[in-house]
Amino acid sequence: MTRLRQGFGGQAHVRQSTAAVFFDVDFTLIYPGPTFQGEGYERFCTEHGIVVDRSMFPHAVRAASSILDEQQEHVYDADIFVRYTRRIIEEMGGSGPRLDKCASQIYAAWASCQHFFLYDDVAPALRDLAARGLKIGLISNSHRCLASFQQHFELEGLIAAAVSSSEHGFLKPHPSIFEAALKLAGVDAGESVMVGDSLTHDIEGARRAGMRGILVHRAETPPAAGVDVPIIRDLSELPPLL
């Protein structure tokens, strides 16, 4: 049986049977601590003799974001993320011959789970989904070891499949990374849901692979208008949509 339901913002969607729920990782399940805020970037830069204005960090992230959206045939390439980090440093006022070395150091540190925190709603939500008999998967545009991620945040035994773009070779929204995760979990696209914070990378990519999508919008600002998938503020809102 299908059932019509309403997502955040009033958009309607059809409730279908669900066998598996896949999650993006960064900014969906975890968020960066001070190491990857303005103060942390300032410390990295100081080590390399680069002077930056930490107050410019929010602006710098917005200015650099277009680099991650550039068409790169969606092949994973560490240089994309190093260029993104370098641009943040430059937008914070940094310059000099050690820019690339500093950006590379920051990129490498992003893989360490110790610099991140799990959102409070994540562990209870994943345990609830597992108790309902749903398979849980991770699909991440990251070079972080997802096995270490599960161990660090005490999520062992909850995850049925985990695919990172650095190991797979393609970035979301390339359909092959979603297909690889589906195959690993042993489920079909039509009975699977992708949950993530990026409409372009997580939701649109998953839908092109035949999956359903649910957008997580944790920011206080209103979500973009015209989004035609359910939108949730945190993962406690997820079960009724499945």
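This is a predicted model: local features need pLDDT of at least 70, side-chain atom pairs count only at pLDDT 80 or more; totals for chains, interfaces and linings use all residues.
**Helix contacts and a pocket**

Residues are numbered from 1 along each chain as its sequence is written, and side-chain values use heavy atoms, with hydrogens and water left out.

Helices here are DSSP runs of H or I with at least four residues, strands are E runs of at least two, and both are numbered from the N terminus. Back to our pair: α2 spans residues 57-69, α3 spans residues 78-91, and they pack at about 150° with axes 8 Å apart. That makes α2 roughly antiparallel to α3. For the wording, under 35 degrees is roughly parallel, over 145 roughly antiparallel, 65 to 115 roughly perpendicular, and the rest oblique. Axes are lines fitted to C-alpha atoms, for helices over the stretch in contact, with angles from 0 to 180 degrees between N-to-C directions.

Which residues make this contact? From α2 they include Phe-57, Val-61, Ile-67 and Leu-68, and from α3 they include Ile-80, Phe-81, Tyr-84 and Ile-88. Contact means heavy atoms within 4.5 Å. By class, the α2 and α3 contact has 11 nonpolar, 2 polar and 3 charged residues; here Ala, Val, Leu, Ile, Met, Phe, Trp, Tyr, Cys and Pro are nonpolar, Asp, Glu, Lys and Arg charged, and the others, Gly among them, polar.

Now for α4. Helix α3 packs against α4 at about 115°, with axes 8 Å apart, again in a right-handed crossing. Among the residues that meet are Phe-81, Val-82 and Ile-89 in α3, with Leu-99, Ala-103 and Tyr-107 in α4. That contact counts 9 nonpolar, 2 polar and 3 charged residues.

Helix α1 (residues 38-47) also reaches α4, with axes coming within 9 Å and crossing at roughly 135°. That makes α1 oblique to α4. Tyr-41, Phe-44, Cys-45 and Glu-47 of α1 touch Cys-102, Gln-105, Ile-106 and Ala-109 of α4.

On a 1 Å grid over the protein atoms alone, where a 1.4 Å probe fits, a pocket is an open set with protein on both sides within 12 Å along at least five of seven lines, and lining residues have an atom within 4 Å of a point. Of the 45 lining residues, Phe-27, Val-61, Leu-68, Tyr-84 and Asp-197 are closest to the centre. Which element gives the most to the lining? That is α2, with 7 residues.

Finally, the backbone. Most residues other than glycine have a negative phi, and most peptide bonds are trans. Phe-27 is not a glycine, yet has a positive phi of about 70°, in the loop between β3 (20-23) and β4. Lys-172 and Pro-173 are joined by a cis peptide bond, omega about 15°, and Pro-173 lies in the loop between α7 (165-168) and α8 (175-185). Thanks, everyone!

Terms used: A crossing is left-handed if the near helix is turned anticlockwise from the far one by less than a right angle, and right-handed if clockwise.
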